[in-house]
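I opened this notebook to record what I looked up, one topic at a time. The entries follow the order in which I worked.

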Amino acid sequence: MLGFVTVQDNAPGAGDRLLTAAAERLAAAGMRLAGAVQINTEPVPGGDCDMDLRILGDDGPLVRITQSLGPGAQACRLDTGALAQAVARTESVLDRGAELLIVNKFGKQECFGRGFRETIARALSAGIPVLVHVPDEQLPAFREFAGELAEELPPEQIEDWCRARLTSSAA
């Protein structure tokens, strides 16, 4: 019950837009969602984009997961404290009873055992289906983590996969 999609579109944010749109349609259909989808703010000329997470099933504010490091900085802009806050809010939604967990990305933090990794494992242990975007460069670590639980999905089939998992878990 771990579906993943790897978007082959080279346009920045394609995976984010795909999961955000799917989450919006699934929520509109009445599914109780937990997780996070990423919203990328277009950069100002010469700047980097900002990344925010919208926590599904939570009416709180967006969580900005990037930080400004100043002009010319080369380090990773991820704010790991903000990511931890997003994970905690997602865990709270799971505690209230979600039917599906959607995680914007199995990224570098998850590869290192941090970020949403434990949340994904917790949902799977509870029998809650999980949908996640996995960038190409994270596929080896993801496959090591997920093993035989992972099912690769074509982008056009993710919503059908989600609905089928909810139907089969209700039976």
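Entry 1. Salt bridges.

I count a salt bridge where a side-chain nitrogen of Lys or Arg lies within 4 Å of a carboxyl oxygen of Asp or Glu. Side chains of opposite charge can pair when their charged atoms come close. I note at the outset that the model is a predicted one. How many salt bridges does the structure hold? I find nine salt bridges.

I looked at Arg 122 and its partner. Arg 122 forms a salt bridge with Glu 91, and their closest N and O atoms are 2.0 Å apart. This pair links distant parts of the chain, for Arg 122 lies in helix H4 (residues 117–125) and Glu 91 in helix H2 (residues 80–95), 31 residues apart. Is Glu 91 buried or exposed? I read a relative accessibility of 18% for Glu 91, so Glu 91 counts as buried, the limit being under 20%. Arg 122 has a relative accessible area of 33% and is partly exposed.

I turned next to Glu 159. Arg 25 forms a salt bridge with Glu 159, the closest N and O atoms lying 2.5 Å apart. Distant parts of the chain are linked by this pair: Arg 25 is in helix H1 (residues 14–28), Glu 159 is in helix H6 (residues 158–170), and 134 residues separate them. Arg 25 is partly exposed at 44% relative accessibility, whereas Glu 159 is buried at 13% relative accessible area.

Arg 163 also forms a salt bridge with Glu 159, with 3.6 Å between the closest N and O atoms. Both Arg 163 and Glu 159 lie in helix H6, four residues apart, which is about one turn of the helix. I record Arg 163 as partly exposed, at 32% relative accessibility.

I then traced the strands. Strands of a sheet pair through backbone hydrogen bonds, either parallel or antiparallel. I find an open sheet of seven strands with mixed pairing, in the order E4-E3-E2-E5-E6-E1-E7. E4 and strand E7 (150–152) are the edge strands, each pairing on one side only.

E3 and E4 pair in the antiparallel sense, over two bridges, and Asp 52 stands opposite Arg 64 in E4. H1 packs on the sheet and touches strand E1 (2–5), E2, E3, E5 and E6; the direction of H1 makes about 135 degrees with that of E2.

E2 and E5 pair in the parallel sense over four bridges, and the bridge partner of Ala 36 in E5 is Val 103. E5 and E6 also pair in the parallel sense, over three bridges; in E6 the bridge partner of Ile 102 is Leu 131. Are the faces of E5 covered or open? Both faces are covered: Leu 100 and Ile 102 on one side, and Leu 101 and Val 103 on the other, are all buried.

Entry 2. His 133.

I looked up His 133, which lies in strand E6 (residues 130–133). His 133 is buried, with a relative accessible area of 10%. Leaving aside neighbours within four places in sequence, I find His 133 in contact with several residues, including Val 5, Val 7, Leu 19, Val 103 and Phe 106.

Entry 3. Helix H2.

I returned to H2, the helix that holds Glu 91. At the start of H2, a side-chain oxygen of Asp 79 reaches to within 3.1 Å of the backbone nitrogen of Gly 81. After H2 comes Gly 97, whose phi is positive, near 105 degrees. I checked the length: at 1.5 Å a residue the 16 residues of H2 should span 22 Å, and the end C-alpha atoms are 22 Å apart, which agrees.

Among the buried residues of H2 are Leu 83, Val 87, Arg 89, Glu 91 and Leu 94. What do the buried residues of H2 pack against? Their partners are strand E2 (33–41), strand E3 (50–56), strand E4 (63–64), strand E5 (100–103), helix H3 (108–111) and H4. H2 lies across E2, E3, E4 and E5, and runs at about 15 degrees to E3.

How values were computed:
Residues are numbered from 1 along each chain as its sequence is written. This is a predicted model: local features need pLDDT of at least 70, side-chain atom pairs count only at pLDDT 80 or more; totals for chains, interfaces and linings use all residues. Side-chain values use heavy atoms; hydrogens and water are left out. Buried means under 20% relative accessible area, exposed over 50%, partly exposed in between (1.4 Å probe, protein chains only). Contact means heavy atoms within 4.5 Å. The expected span of a helix is 1.5 Å times one less than its number of residues. A polar contact is a pair of N or O atoms within 3.5 Å; within protein, one must be able to donate a hydrogen and the other to accept it, and residues adjacent in sequence count only if both atoms are side-chain atoms. Two strands pair if DSSP finds at least two bridges between them. Axes are lines fitted to C-alpha atoms, for helices over the stretch in contact, and angles run from 0 to 180 degrees between N-to-C directions.
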